[in-house]
Amino acid sequence: MAWASYPTREEVDFVVIGSGAAGGIMAKELSSAGFSVVVLEQGPHLRPGDFRHDEWNYTQTEGLVWGSRKGHPQTFRRYEHEKAELVEGAPLGYAHNVGGSSAHFSGNFWRLRPIDFIEASVRGPIAGTNFVDWPITYEELEPYYTKVDWEIGLSGVEGPWDPPRSKGYPCPPMPPKSSGVLLERAAKKLGWTAYPEPHAILSQPYNGRPGCIHCGFCNGFGCEVGAKSSTAVTMIPLAEATGKCELRTGCTVSRINTNEQGRVTEVVYWEEDGTEQAQRAKAVVLSANGAESARLLFLSESSRFPDGLANSSGMVGKNLMFNGGSNVSGLFAEPINAHKSVATTRVIHDFYSIDPKHGFYGGGGIDARSLSRGLPMAAAMRGGIFSGARWGSAYKKGLEQEFTHTCSFNGHTTSLPLSTNNVTLDPEVKDKWGRPALRTTFMNHPDDFATMKFFMERSIELMDAAGAIQKTASYSEDGQRGGVHLLGTCRMGNDPATSVVNRYNRAHDIPNLYMVDGGSLVTSGRGQPTMTIMALAFRAADHLIQAARRGEV
Ligand SMILES: Cc1cc2nc3c(=O)[nH]c(=O)nc-3n(C[C@H](O)[C@H](O)[C@H](O)COP(=O)(O)OP(=O)(O)OC[C@H]3O[C@@H](n4cnc5c(N)ncnc54)[C@H](O)[C@@H]3O)c2cc1C
Ligand code: SF4
């Protein structure tokens, strides 16, 4: 089958902006349905053979996650009355390549549960927040979660409190690591239940891809064998094989143009050498993630849309949520070697919803991980939590212990949606293309803090029960300063006055514009949002294909 190639001045059926977790699915679904599709992706197309165990490149020099060093500065402030400061690295972190962050995520894949969609009604409103019910239910999304399981490729086994599912997992769970065994034993002592973590990683060969070889360079790294189920190795090859999808890499979208009728007409972008192009399209799917989609909508303002595209509600960029977290690290007398294999193999969901008697809203899960993404160098950079030494024999001794004898029990928790937590355009700092930089304004709600502390305390109990000889514990007491779960900034809802997209991810204001990525999540879930981002993408594609066939797009 010949690869598709479309002239820019010819109208294609769809342009998909971004080839990440959601964009990859949209490209595959739309092209498989026979539509002509152009995917515009700013990053390169890295194949499994391109990924290296190069901790310096990936963790220190912005190899995959671009920041100031790569000409993509970002600024941060706590409150809207403050001036945002330039921050080193990328507070809103994501991988710039085909597959987006699904290329280097750790692949922990939790479904939301029925309660997540109706929690505001059940729990009641929370003053000062935009905490509301979703416009859809778990039952409506369930078939699409199952599509993610089988089309993306998941490994797992039904957990004790899993929501109803129409089908099991295609692959058995990943084998337990010693950190997972420690968590499981500790949980048992305390009367809680640790069960196998579901993964978007193959535990055995599936769909023509090999199983995980447990290399240990997983979280933050691309998978050298293609066992990690990123859209780069699952959806994009299928999309290209239809002969209907053209993937253009190194193409950075600068704006989406609209006509006098308020419909999108074309997508303007720069090729790598700075040449400007514009691809005409009947409809546009914006899947640039919870940070970049909002930036593009702002940058696409016009006299008809002075506050940015699709922003009549004023909600674009608002309700930014990251998921909270806590960390309890433990030193053990015996080796654990938590750096091996995937990030985590056991998870506890006993506190999915914290009892309201505690006086605050929240919930989450706890899993067992390695301290420093399994990297000796990262441990060195931190000076070692337990030894404190950065040099000489004390450092060597500490490193020997820290790398092999430690693990952490991490809390992954809810974030509340607030108008004051948002992504906007920085008025002064520009990126290498001359576009205003992403500006983040973020301060956690008091309930987010209480939840993170609650999870830290449960993890301390677990670490003691696991037999750690030394431990440290922390959460973001001063507030989170960024994240890699970029959620809520184009929220879904039935009411155009309070939401950006409808229940099928279609912009309320513009009939031929869809926003399909982490931005559409209404609430944060308890962590690990990508399973839901992908299920929403399959559902949006289903609706879009039917609407397009009826001539309603
Ligand atoms: C290190 C790490 C670990 C993670 N681990 C997990 C995990 O275990 N479980 C989990 O559920 N989630 C995890 N996540 C989060 C997960 O990866 C994201 O939720 C998910 O990838 C978001 O999907 P998306 O489609 O919204 O955006 P992305 O996957 O970020 O895709 C957006 C794409 O759009 C492209 N793009 C952006 N702007 C433009 C533009 N102007 N022009 C052209 N292209 C553009 C980007 O380059 C990117 O490829 C992790 C993230 C990171 C960084
Ligand atoms: S641990 Fe497994 S899934 Fe992760 S990068 Fe290594 S081989 Fe790939």
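On a 1 Å grid over the protein atoms alone, a pocket is an open set of points with protein on both sides within 12 Å along at least five of seven lines, whereas a cavity is a set where a 1.4 Å probe fits but cannot get out; lining residues have an atom within 4 Å of a point. Points are joined across faces, edges and corners, and a volume is the space filled by probe spheres set on them. This is a predicted model, where local features need pLDDT of at least 70 and side-chain atom pairs count only at pLDDT 80 or more, while totals for chains, interfaces and linings use all residues. Residues are numbered from 1 along each chain as its sequence is written.

Let's start with the second largest pocket, which holds about 190 Å³ of space. Its lining includes N130, V132, D133 and P135, along with M315 and residues such as R491, M492 and D495. By class, that lining has four nonpolar, five polar and three charged residues (Ala, Val, Leu, Ile, Met, Phe, Trp, Tyr, Cys and Pro count as nonpolar, Asp, Glu, Lys and Arg as charged, and the others, Gly among them, as polar).

The largest cavity comes in at about 120 Å³, and of its 15 lining residues, C212, H214, C215, C218 and C223 lie nearest the centre. Nine of the lining residues are nonpolar, four polar and two charged.

The second largest cavity has about 110 Å³. Here 13 residues form the lining, with W110, R111, D162, P163 and Y195 nearest the centre. That lining splits into eight nonpolar, one polar and four charged residues.

Technical notes:
Chains lettered and ligands numbered in written order. Heavy atoms only, no water.
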